Amino acid sequence: MGIAAALGLLSPFPFYYWLWTYPQTWVDLCGKGRDPCTVMAYVSHFLKLIQFLSLFSVSTFTWPPLLYFWPLIAFGQFLNFRVYQLLGESGTYYGVRFGKNIPWVTEFPFGYIKDPQYVGSILSLLACLWWVPFRYILLWTLGYAVMILVESKEDPTTRAKPPS
């Protein structure tokens with residue numbers, strides 16, 4: 001396994017772990033006047049770019065993909081877009097951990113699929129098995145599995161307070 005590719009694929013997860021576990025440090029670092037969710041979104045997009053570049057570095061592209069690609073990528077991306085549509089930036093990027101009041105959402109896929117954004121991401125990764133060696137898909141998926149476990153143990157007493 002290419003060490004650089006593996007590190008690139010895993011790069012966002014320590015960041016997500018830190019923000020979930022110690023949200024006050026992030027809110028303080030962002031300071032007054034900067035929305036911690038927006039800043040997290042910018043950093044997350046940069047880390048996602050690193051992940052994609054890492055994945056491309058170990059991929060072999062041929063066209064057309066196998067038929068399983070289309071339903072997996074379509075449903076996976078539908079879930080991702082739907083979660084963002086329903087939760088917005090603050091709900092998607094740990095707003096509740098940063099002290100924001102995020103309304104509870106019950107529309108599909110919430111209430112039907114546990115962790116729908118992670119499920120959508122994993123389905124999208126599985127769609128890429130035609131091009132990407134399994135070990136890299138597995139590694140990225142394990143990163144999501146760890147975050148599902150970490151985020152399932154939310155302690156409301158550790159939520160951040162807005163900067164004063």
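## Basis of the description

Contact is taken to mean heavy atoms within 4.5 Å, and helices (H or I, at least four residues) and strands (E, at least two) are DSSP runs numbered from the N terminus. This is a predicted model, in which local features need pLDDT of at least 70 and side-chain atom pairs count only at pLDDT 80 or more, while totals for chains, interfaces and linings use all residues. Residues are numbered from 1 along each chain as its sequence is written, and side-chain values use heavy atoms, with hydrogens and water left out.

## Overall architecture

The protein chain holds seven helices and zero strands, and its elements run α-α-α-α-α-α-α from the N terminus on. Its C-alpha atoms fill a box of roughly 55 × 35 × 25 Å along the principal axes. Of its 164 residues, 41% count as buried, where buried means under 20% relative accessible area, exposed over 50% and partly exposed in between (1.4 Å probe, protein chains only). Among the contacts with a separation of 6 or more, 79% come from residues 24 or more positions apart.

## Helix packing

Helix H2 (residues 12–21) and helix H4 (residues 36–57) have axes that come within 10 Å and cross at roughly 155°; the axes are lines fitted to C-alpha atoms, for helices over the stretch in contact, and angles run from 0 to 180 degrees between N-to-C directions. H2 and H4 are therefore roughly antiparallel, given that angles under 35 degrees count as roughly parallel, over 145 as roughly antiparallel, 65 to 115 as roughly perpendicular and the rest as oblique. In this pair, Pro12, Phe13, Phe15, Tyr16 and Leu19 of H2 meet Met40, Val43, Ser44, Leu47 and Gln51 of H4.

The axes of helix H1 (residues 3–10) and helix H7 (residues 134–151) come within 9 Å and cross at roughly 30°, which makes H1 roughly parallel to H7. Ala5, Ala6, Leu9 and Leu10 of H1 make this contact with Tyr136, Leu139 and Trp140 of H7.

## Backbone features in the loops

The bond from tryptophan 63 to proline 64 is cis, with omega near 0°, and proline 64 is found in the loop between H4 and helix H5 (69–92). A cis bond also joins phenylalanine 108 and proline 109, with omega about 15°, and proline 109 has its place in the loop between H5 and helix H6 (116–127).

Tyrosine 94, in the loop between H5 and H6, has a positive phi near 60° although it is a residue other than glycine, and tyrosine 94 is buried at a relative accessible area of 7%. Aspartate 115, which lies in the loop between H5 and H6, has a positive phi of about 55° and counts as partly exposed at 25% relative accessibility.
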